[in-house]
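Dear colleague,

I am passing on to you the structure we spoke about, with the sequence alongside, and my notes follow below it. Please read them with the coordinates open.

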Amino acid sequence: MSTTWLEVKVPGRVELLGNHTDYNQGLVISMAVDRYTIMRSRLREDHILRLRSLNLEETWQGSLNNLVPQKEQHWVNYVVGVLAALKEREVEILGMDMEIESSIPLGFGLSSSAALEVASLLTCKQYHSLDQEPLEMAKMCQWAENQFAGVSCGLMDQISVLISQRGSVNKIDLQSLGYENLPFSKAFCFLVVDSETRHQLVDGEYSNRREVCESAAKKLDVAYLREVQVDHLDDRKFDLSLEEHKRALHVVTENERVQKACQALQEGAMERLGQLMFESHESSKNNFENSCRELDELVDFASRHKACLGARLTGGGFGGAVVHLLERSKKDFYQNDLTSFFSKKFGRPPKIIEVNPVAGALNI
């Protein structure tokens, strides 16, 4: 067994706009954030994979000859799935000890899962001759999450934590798989606030939304909702069920909001970006119906507070977190008022973290 431990570091990400557009091959704006998953590893002399999560204080051990989804320790699947993806490509995986530590908080919608997947792949890259391009790496990690973790996610998370540039946010086109860096001023920042309402995407709501979007696209005679414009959707409204129309309306208008937000970022028009965030949340709440009371309360507070430029749910929804856009100079003032509101409303202090744009794992 090797006594030398090697380390990789992968950031989390926050979705700024583009809720549930990724698997519809749409547009998203995301940002790698200054919270990280760190994986330390060393080689073994056998074909055993031994994982240890310092945060969860759990250990798992299994054979590389039998990589299958785990029911009891679900976090293991994000690692094992990546190794299985490599074996599908006929890469001979060596036995390893992997130790995982993360400052990416669970429940905040900051994609600790993608960070763990990418960390697993980059760890293997240290020991094996892997030459995949960034997009191929992202697809391998997505496959692991789809097949082993049971979440029908798109590619936004994996691309974001791989390719982001420091000080920028990313526009990602999930149809062409092209991406570009957009400027983000240091005079502004984001606060992510945990609603402390937990969601389990694997339980079915996420998959249901995806199935309804696919059904709507089929009835509209397109491969994906990305190909639909608002006027076309209006013309074909009665070809869809009410549920299909509402889900499709969210996706189609969300793609439009992303386009407008890109222009706002290029022009430094942060108030316009904030308004688009508020509009995005309203659509998530009323059309996609993946919000909840706690998320809505947080966004309502933000919309009434003069210091907040914009707020919306982030991540899969059905609980989780709200991201708030602020001028950095007003952050403390706003955070104090938000803490007071949250404590009175829910009977406990909120969990709030500031996030700023950092480089992705390939650019650290």
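In this predicted model, helix α1, which covers residues 77–88, packs against helix α2, residues 112–127, with an angle of about 45° between them and their axes 8 Å apart. Since angles under 35 degrees count as roughly parallel and those from 65 to 115 as roughly perpendicular, α1 and α2 are therefore oblique to each other, and their crossing is right-handed.

On the side of α1, the residues that take part in this packing are Tyr78, Val79, Val82, Leu83 and Leu86, and they meet Ser113, Leu116, Glu117, Ser120, Leu121 and Cys124 in α2.

Because 10 of the 12 residues of α1 are buried, the helix is largely enclosed by the rest of the structure; the buried residues are Asn77, Tyr78, Val79, Val80, Gly81, Val82, Leu83, Ala84, Ala85 and Leu86. The elements that cover them include, besides α2, the strands β2 (27–43), β3 (48–53), β4 (58–63) and β5 (96–102), as well as helix α3 (134–149).

One backbone detail may also be of interest to you: α1 is followed by glutamate 90, whose phi is positive, near 65°.

With best regards

Methods:
Residues are numbered from 1 along each chain as its sequence is written. This is a predicted model: local features need pLDDT of at least 70, side-chain atom pairs count only at pLDDT 80 or more; totals for chains, interfaces and linings use all residues. Side-chain values use heavy atoms; hydrogens and water are left out. Axes are lines fitted to C-alpha atoms, for helices over the stretch in contact, and angles run from 0 to 180 degrees between N-to-C directions. Helices (H or I, at least four residues) and strands (E, at least two) are DSSP runs, numbered from the N terminus. Angles under 35 degrees count as roughly parallel, over 145 as roughly antiparallel, 65 to 115 as roughly perpendicular and the rest as oblique. A crossing is left-handed if the near helix is turned anticlockwise from the far one by less than a right angle, and right-handed if clockwise. Contact means heavy atoms within 4.5 Å. Buried means under 20% relative accessible area, exposed over 50%, partly exposed in between (1.4 Å probe, protein chains only).
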